[in-house]
Each structure stands twice: as structure tokens, then as C-alpha cells.
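Welcome! Here is a short tour for anyone opening this structure for the first time. Please have a look at the display below, and then we can walk through a few of its details together.

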Amino acid sequence: MNQQPSLGRSKDKDGGLLKRSLTSLFSLMGLQLGSRLLTFVLNQALFRLASPRAYGTAAIQFELILSTILFLSREGVRNTLLRAWPRNTTIHTQGSTSNDDHMPALTNLSALPIILGLPVSLATAVAYATFASDDVRRQPHFYMALSTYVFSALSELFSEPMHNRAMGEVRTGARVRAEGLGITCKTLVTYLVLLYDSTRPDSGEFALVAFALGQSAYSSVVFFSYVYQMGYPTFWPTRLAIRQSSKATASRSTFYRIASQYFDVSSLYLSLTMTGQCIVKHILTEGDKIILSRWSTLQNQGGYAIAVNYGSLVARIVFQPLEEMCRVYFSRILCPPAEAKSTSTGAEFDRRSLGQASEILLSLVSIQLACSVLVIVFATVYLPIFLHLLLPSQYLSTSAPKVLAAWIWYIPVLAINGVLEAFFSSIATSQDLRRQSRWLVGFSVVFIVSAIGFYASGFGDVSLVYANTVNLVARIIYAAQYASTFFNRNKTAHTWKASTPTWQFLLAAVLSYLAISKTKTHHQAAILLQTKGRGAILSAIVMSHLAQGVGMGLCCIATWWLTSGRYLVRRAFVKTD
């Protein structure tokens with residue numbers, strides 16, 4: 001079980017897989033871009049209707065409850081199914097594997113999150129209701145909103161069998177339509193309820209209920225959209241045909257004998273191992289919300305939440321789809337389980353697949369490093385100017401402005417960590433996962449110590465962003481070292497130096513920063529926006545400053561393309577031909 005799986009050898013499939021993965025990536029990015037642009041407009045009104053206290057409770061504490069239930073119930077199963085799903089199953093071969101002996105076991109495994117979700121949701125809800133502060137519980141309809149969030153999480157888990165099938169068959173369109181419609185309905189329902197609440201004499205009474213109903217609308221719409229496109233799935237595991245003789249299972253444990261009647265035991269063990277690891281990873285991922293919910297005021301929680309909402313737009317539109325594409329792509333090209341099981345003497349690797357995987361990984365990291373440089377250069381200059389445009393007046397006195405400024409430095413490490421950990425989770429054995437779990441415990445200590453240190457230094461809620469940055473840097477080093485060891489062990493050229501930006505691009509970025517930040521126009525535009533607010537956006541000074549930034553940005557992109565971008569794309573696609 002801890003044995004390294006073998007690799008596929010079909011050149012046509014490898015090339016086709018990359019093209020399907022890119023199609024999936026662009027579809028997911030289109031989903032995020034379209035839905036986020038629509039919800040961005042609605043959110044502008046939503047932020048002005050909800051008080052920082054209500055928004056902080058919903059976006060920090062209730063979202064923590066939701067993510068805890070969903071992440072612990074489904075993440076391990078999702079990652080396992082990406083690796084276990086038959087490689088030849090795609091949108092072009094739907095139904096072709098319906099008679100495959102392996103498919104009933106995978107179908108049963110895809111229903112496991114529903115079973116896990118019941119105890120996880122109950123324990124999470126009871127623990128939160130018990131330890132929530134009195135200030136939180138005194139808000140109107142708190143328990144009704146909490147119950148609705150928990151019910152929404154369980155409803156969303158019922159979509160997992162269909163979601164896993166769509167991802168396994170690379171049916172990105174089904175997911176795009178389901179989640180895009182769900183996000184839109186969620187924002188619209190929340191806005192309408194808040195709008196109604198604002199017209200009542202006791203305004204603000206139904207603020208928490210509005211967010212809860214929006215989340216319920218999302219889970220319901222996603223479920224029924226999947227059902228409409230893919231039909232009703234199996235929500236409970238069914239007994240499999242006997243695949244081993246009674247003599248073969250007689251010496252096994254009771255758990256093994258029972259589990260083997262419903263699941264592929266190796267896949268089940270892997271999913272449980274990944275689920276156990278998710279506990280530590282979830283604490284690291286949501287550590288800022290955990291700390292905020294206990295030690296920060298509801299007012300500042302609202303400010304932190306709105307800042308993270310804006311700061312994570314880039315992550316949700318670009319980085320999240322890219323990470324998910326990487327999981328599918330690397331899982332397929334480096335880990336087809338059907339072939340891995342047939343190998344009993346050791347690891348056998350196809351040189352072409354290894355070379356392609358290395359090239360794609362280096363290219364992705366190189367592109368993300370270049371994008372990170374652009375984000376840091378231009379966002380640090382233009383963010384202070386647009387704070388009064390982005391944030392409602394009631395949030396300017398919270399921690400939101402400082403948190404947004406810190407997110408500029410957090411976005412690059414978030415992006416790179418996502419791709420590297422997607423690669424790790426796609427090829428890691430159970431032994432690798434256990435080793436990483438031990439390191440994650442150490443990383444959690446790094447996060448806690450960093451957060452305490454930054455808080456003690458007077459950084460306030462911004463400390464959580466900087467502590468997360470330190471934590472992710474440590475995880476990046478671990479994942480990068482793992483990738484280097486993996487390729488070196490298999491005698492495949494892989495040097496991270498190849499992914500670093502060229503000196504020409506870095507020079508263009510530095511000159512652009514000096515050109516847009518050290519001019520009189522920049523200071524005049526900043527003062528004008530601070531005094532006149534949104535009314536100054538169309539002034540000649542601000543528009544001139546924006547045009548200067550766009551011009552410098554295009555120069556940087558052109559420099560990157562001429563010095564490295566075109567070569568990266570060419571090398572990546574040559575490997576698939």
C-alpha cells in the first residue's frame with residue numbers, strides 16, 4: 001500500500017490529458033470570474049446593509065463551522081477518488097466504465113462523506129454552541145442561523161457523489177453550471193433578505209438569518225443542478241460482489257472483512273489517512289478564523305472578513321481553479337491506480353510522463369512567481385488609493401485596511417503553496433502522508449508562535465496574515481523538497497532555478513514601481529480620493545495615474561513574455577506532442 005504507484009505510458013493520453021486539464025482550468029476560471037463579478041456588485045450593496053458585527057459572525061464564525069464540517073468530511077475522499085478514478089473515463093467516454101469492477105467500489109466511496117458528515121456536523125455544532133461567546137449568542141436568531149448553516153453543510157455533502165463523478169470524468173461543465181448558479185443564488189438571496197430587513201423598524205434583526213438562508217440556497221441549488229445534469233446518485237454504499245474467497249479474508253481483521261464488502265480497502269485506507277491529515281491541515285488553514293473568533297471583537301472580525309473577501313478574489317478566481325486542475329492532472333498522469341496495483345516488484349516510471357510532469361510543475365511555479373512580482377509591485381501602490389472605494393465607511397475604522405495591505409504579500413505564497421501541495425497530494429503514498437502530518441504539527445507550532453509574536457509586537461489582527469505567510473513558506477519549502485526528491489530519485493531533470501524570473505523582468509518591475517510611486521501624480525491622486533472618495537475616480541488626475549499603471553503593467557508583461565513566457569509555454573507543450 002505504501003508502494004509508489006506506476007505511471008501511464010500513453011503519449012496520446014498524456015497530451016490529451018493536458019488539453020482536457022487546460023479546458024477544465026479555463027472553465028473553472030470562467031466560473032469564478034463570471035460569478036465573482038456578479039456577486040462583487042451585489043456584495044457592494046450587501047456590505048453596506050450588514051453591520052460589521054453581523055458580517056463578522058457570518059463570514060468568520062459560521063463560515064468556520066461550515067468549512068470544518070465540509071473539509072473534514074469530504075477532502076480526504078475527494079483526493080483519493082481523483083487518484084483512483086479510471087484514467088480512461090472522460091467526458092467523451094461517459095458510461096463506458098459502468099461495467100468496470102472497480103466502479104461500484106468507487107461509487108460507494110464517493111458516498112462516504114455523507115456518512116462522515118453526520119457525526120462531524122453534530123460534534124462541531126454542539127462544540128461551537130457551547131463555547132461561543134455571550135456577545136455572539138445574544139444576537140437575534142443566533143441558534144436558528146447556526147442550525148441552518150449546519151443543515152446547509154449536510155445538504156452540500158449530498159452533492160458529493162455527483163461532484164466526484166463529474167471530476168473523475170473531467171465533466172467540468174456540470175460543475176461550472178452547478179456552482180456558478182449556486183454562488184449567484186446565494187448572494188442574491190442574502191441581499192434580498194438583508195434589503196427586506198433594512199426596511200423594518202427593528203433593522204438588523206434578520207442579518208444572521210439572511211446569511212444562513214443564502215448558504216442554504218447555495219447547497220440546494222448545487223444539489224438540484226447536479227441532479228438535473230447527472231441524475232440521482234447512490235447516497236448509501238451497496239454491497240459489492242464477492243471479489244475474494246472466504247479463505248483469503250478469514251485471517252483479516254473484522255474491520256477489513258466488513259469494509260471489503262463495500263469498498264476497495266486500499267482506497268478506503270488512503271481516504272481515511274488523508275481525512276486524518278485534514279484535521280491538522282484544517283487547523284493551519286483556518287487558524288486565523290479560530291483565533292479571531294475567540295480573541296477579536298465582532299467589529300474587527302467583520303473588518304477582517306471583508307478584507308479577506310476582497311484579498312482572496314484573486315485566489316478564488318485564478319489560484320483555486322489552478323490548484324484543482326493540478327490535482328486532476330498530476331493524479332492522472334502520475335498515479336493511475338489500476339496500473340499501480342498490477343506492479344508488485346517496485347516502482348516503474350515512464351520517462352515521458354515524468355519529464356512532462358516536471359516541466360509543467362516548473363512552468364506553473366515560474367508563471368506564479370512572475371504574477372506575484374506584478375501583484376506586489378502594483379497592488380502596494382494602488383491599494384491605498386482605492387481603499388475608500390472598496391470599503392464602506394463603517395469598515396474604515398476596523399482592521400480591514402491594514403489586513404488588505406498585508407494580503408498583498410500573502411497572495412504569492414498562497415498561490416505557490418497551492419500548486420506544490422496539489423502535486424504532493426497527487427503522488428504521495430500513505431507513508432508520505434503520515435510523514436507530512438508530523439511536519440504539519442510542527443508547522444502549526446510555527447503558526448501559533450508567529451501569531452503570538454506579531455500580536456506582541458503590536459500588529460493587531462494583521463498578525464494572523466503574517467503568521468499564515470510564515471506557515472505557508474514553511475509548507476512550500478517542505479513540498480518543494482519533496483518534489484525535488486521525487487524527481488531526483490527517478491532520474492528526471494528538475495531544478496527550481498529554472499522557474500525563477502529573469503533579471504530583465506525584475507528590472508522592468510522595479511523601474512515600473514519607481515515610475516508610478518515616486519511621481520507627484522500618485523500623491524495628488526491619493527489625497528484627492530481621500531478627500532472626495534468615490535467622486536474623484538473619474539477625475540483627470542486619478543485617470544492619468546491609472547493609465548500610467550496600465551502602461552507600466554503591459555510593459556512588464558511584454559518583458560516577461562519575450563524573456564521567458566513564450567519559452568515556458570513552448571517547452572510544456574513540446575513534452576506532450
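Helices α12 and α13 are oblique to each other, with axes that come within 4 Å and cross at roughly 60°. On the α12 side the contact is made by H282, I283, L284 and T285, and on the α13 side by G287, D288 and I290. Please keep in mind that this is a predicted model.

**How helices meet**

- Helix α12 covers residues 265-285, while helix α13 covers residues 287-295.
- By class, the residues where α12 and α13 touch divide into three nonpolar, three polar and one charged.
- Helix α12 also meets helix α20 (residues 462-489), and here the two axes come within 10 Å and cross at roughly 140°.
- From α12, the residues K281, L284 and T285 take part, and they meet N468, N471 and R475 of α20.
- This contact of α12 with α20 has one nonpolar, three polar and two charged residues.

**A covered helix**

- Is helix α3, which spans residues 102-110, mostly covered or mostly uncovered? It is mostly covered, as seven of its nine residues are buried.
- The buried residues of α3 are H102, M103, A105, L106, N108, L109 and S110.

**A closer look at H163**

- You can find H163 in helix α7, which runs over residues 160-168.
- With a relative accessible area of 5%, H163 is buried, because buried means under 20%.
- Leaving aside residues up to four places away in sequence, H163 touches R78, R175, E179 and Y226.
- With R78 there is also a polar contact between the two side chains, at 3.4 Å.

**Salt bridges**

- How many salt bridges does a search of the whole structure find? The search finds eleven.
- One of them pairs the side chains of D135 and R53, at 3.2 Å from N to O.
- D135 sits in helix α5 (residues 134-137) and R53 in helix α2 (residues 52-84), so that this pair links distant parts of the chain, 82 residues apart.
- Both partners are partly exposed: D135 has a relative accessible area of 30%, and R53 has one of 32%.
- The side chains of E156 and R74 form a salt bridge too, at 3.3 Å from N to O.
- Because E156 lies in helix α6 (residues 142-157) and R74 in helix α2, this pair ties together parts that are 82 residues apart in sequence.
- Here both residues are buried, with E156 at 9% relative accessible area and R74 at 13%.
- A further salt bridge joins the side chains of R137 and D134, at 3.0 Å from N to O.
- R137 and D134 both belong to helix α5 and are three residues apart, about one turn of the helix.
- R137 counts as partly exposed at 27% relative accessibility, and D134 is partly exposed as well, at 46%.

Notes. Residues are numbered from 1 along each chain as its sequence is written. This is a predicted model: local features need pLDDT of at least 70, side-chain atom pairs count only at pLDDT 80 or more; totals for chains, interfaces and linings use all residues. Side-chain values use heavy atoms; hydrogens and water are left out. Buried means under 20% relative accessible area, exposed over 50%, partly exposed in between (1.4 Å probe, protein chains only). Helices (H or I, at least four residues) and strands (E, at least two) are DSSP runs, numbered from the N terminus. Axes are lines fitted to C-alpha atoms, for helices over the stretch in contact, and angles run from 0 to 180 degrees between N-to-C directions. Contact means heavy atoms within 4.5 Å. Ala, Val, Leu, Ile, Met, Phe, Trp, Tyr, Cys and Pro count as nonpolar, Asp, Glu, Lys and Arg as charged, and the others, Gly among them, as polar. A polar contact is a pair of N or O atoms within 3.5 Å; within protein, one must be able to donate a hydrogen and the other to accept it, and residues adjacent in sequence count only if both atoms are side-chain atoms. Angles under 35 degrees count as roughly parallel, over 145 as roughly antiparallel, 65 to 115 as roughly perpendicular and the rest as oblique. A salt bridge is a side-chain nitrogen of Lys or Arg within 4 Å of a carboxyl oxygen of Asp or Glu.
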